[in-house]
Amino acid sequence: FLDADSLPDAPGFVARALHAARAAPDAVTCGGRTGLRCPPAPADARLFEAHSRKREWIPAEQRNRDPEGNFLSANFQLRRDLFLRAPFDARFTGWGWEDTDWALRIRPLAPVRHVDNTVSHMEHHTDAAWLGRLDRSVGNYALLAQAHPDAVRRHRLWPLMRALRPVAGWNWLRALLLRLALWPALPAGPRLTLAKLRQAMVYARGVPME
């Protein structure tokens with residue numbers, strides 16, 4: 001599986017994928033993703049790039065510390081019969097969390113293994129568009145929490161959701177966080193933190209937490 005907006009980072013991509021398949025034929029092998037071949041993000045698309053550098057563009061050694069949590073469906077391989085036993089859940093629509101759900105469901109059938117055979121994500125998402133995607137992914141996160149409650153409660157986002165739940169209905173606060181997250185005068189790092197706080201508020205309203 002390879003996302004259409006991705007390109008291999010180095011020659012020999014297919015050879016390395018075949019080698020990984022022979023080395024672990026019963027595993028799901030995730031090659032990883034970077035932004036090595038993509039030009040730097042324009043000024044209005046720095047948030048997704050900052051998020052990707054922190055959470056996605058990481059080496060296999062780091063990804064293997066939490067194989068399912070770091071799984072990305074943009075670049076992975078497995079035996080056909082394994083995938084047919086556990087296809088993607090069609091209830092997940094739009095963007096977000098379908099790959100995390102799949103990695104957790106495939107775990108009883110096959111280990112998830114990360115290797116360094118990366119592809120570059122060749123598309124920039126504007127800050128406003130990416131924050132909109134986060135908002136719309138709340139339904140998918142609710143499905144994930146229902147299907148895998150123990151795993152979701154270990155997410156870094158979950159304590160934030162609990163802490164912010166009493167104020168999750170404050171529209172003025174969500175609007176303020178959105179404005180600050182989109183304020184280009186602030187560095188991308190602090191803006192990403194503000195965006196994650198706002199995401200926790202949005203999720204706290206739409207995801208049952210009992």
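**Entry 1: helix 7 and helix 11**

I worked from a predicted model. I first examined helix 7, residues 138-147, against helix 11, residues 188-206. Their axes come within 9 Å and cross at roughly 60°. I therefore recorded helix 7 as oblique to helix 11. The crossing of the two helices is right-handed.

I then asked which residues of helix 7 and helix 11 meet. Helix 7 contributes V138, Y141 and A142, and helix 11 contributes V202, Y203 and G206. By type, the residues of this contact divide into five nonpolar, one polar and no charged.

**Entry 2: F1**

I next turned to F1, which lies in the segment before strand 1 (6-8). I noted a relative accessible area of 46% for F1, so this residue is partly exposed. Setting aside neighbours within four places in sequence, I found F1 in contact with S73, A74, N75, F76, L78, F83 and F88. I also looked up C30: its C-alpha is 9.5 Å from that of F1, while the two residues are 29 apart in sequence.

**Entry 3: salt bridges**

How many salt bridges does the structure hold? I recorded 10, and I followed several of them individually.

In one, E56 pairs with R33, with the closest N and O atoms 2.7 Å apart. E56 lies in the loop between helix 2 (46-55) and helix 3 (60-63), and R33 in strand 3 (residues 33-34), so the pair ties together parts 23 residues apart in sequence. Are E56 and R33 buried or exposed? E56 has a relative accessible area of 12% and is buried; R33, at 9%, also counts as buried.

I then looked up R107 and E68, whose salt bridge has its closest N and O atoms 3.8 Å apart. This pair links distant parts of the chain, 39 residues apart: R107 is in the loop between helix 5 (98-106) and strand 5 (112-114), and E68 is in the loop between helix 3 and strand 4 (76-77). I noted R107 as partly exposed, with a relative accessible area of 42%, whereas E68 is buried at 12%.

Lastly, I checked R79 and D81, whose side chains meet in a salt bridge at 2.8 Å, N to O. R79 is partly exposed at 32% relative accessible area, and D81 counts as partly exposed at 36%.

Note on methods
Residues are numbered from 1 along each chain as its sequence is written. This is a predicted model: local features need pLDDT of at least 70, side-chain atom pairs count only at pLDDT 80 or more; totals for chains, interfaces and linings use all residues. Side-chain values use heavy atoms; hydrogens and water are left out. Axes are lines fitted to C-alpha atoms, for helices over the stretch in contact, and angles run from 0 to 180 degrees between N-to-C directions. Helices (H or I, at least four residues) and strands (E, at least two) are DSSP runs, numbered from the N terminus. Angles under 35 degrees count as roughly parallel, over 145 as roughly antiparallel, 65 to 115 as roughly perpendicular and the rest as oblique. A crossing is left-handed if the near helix is turned anticlockwise from the far one by less than a right angle, and right-handed if clockwise. Contact means heavy atoms within 4.5 Å. Ala, Val, Leu, Ile, Met, Phe, Trp, Tyr, Cys and Pro count as nonpolar, Asp, Glu, Lys and Arg as charged, and the others, Gly among them, as polar. Buried means under 20% relative accessible area, exposed over 50%, partly exposed in between (1.4 Å probe, protein chains only). A salt bridge is a side-chain nitrogen of Lys or Arg within 4 Å of a carboxyl oxygen of Asp or Glu.
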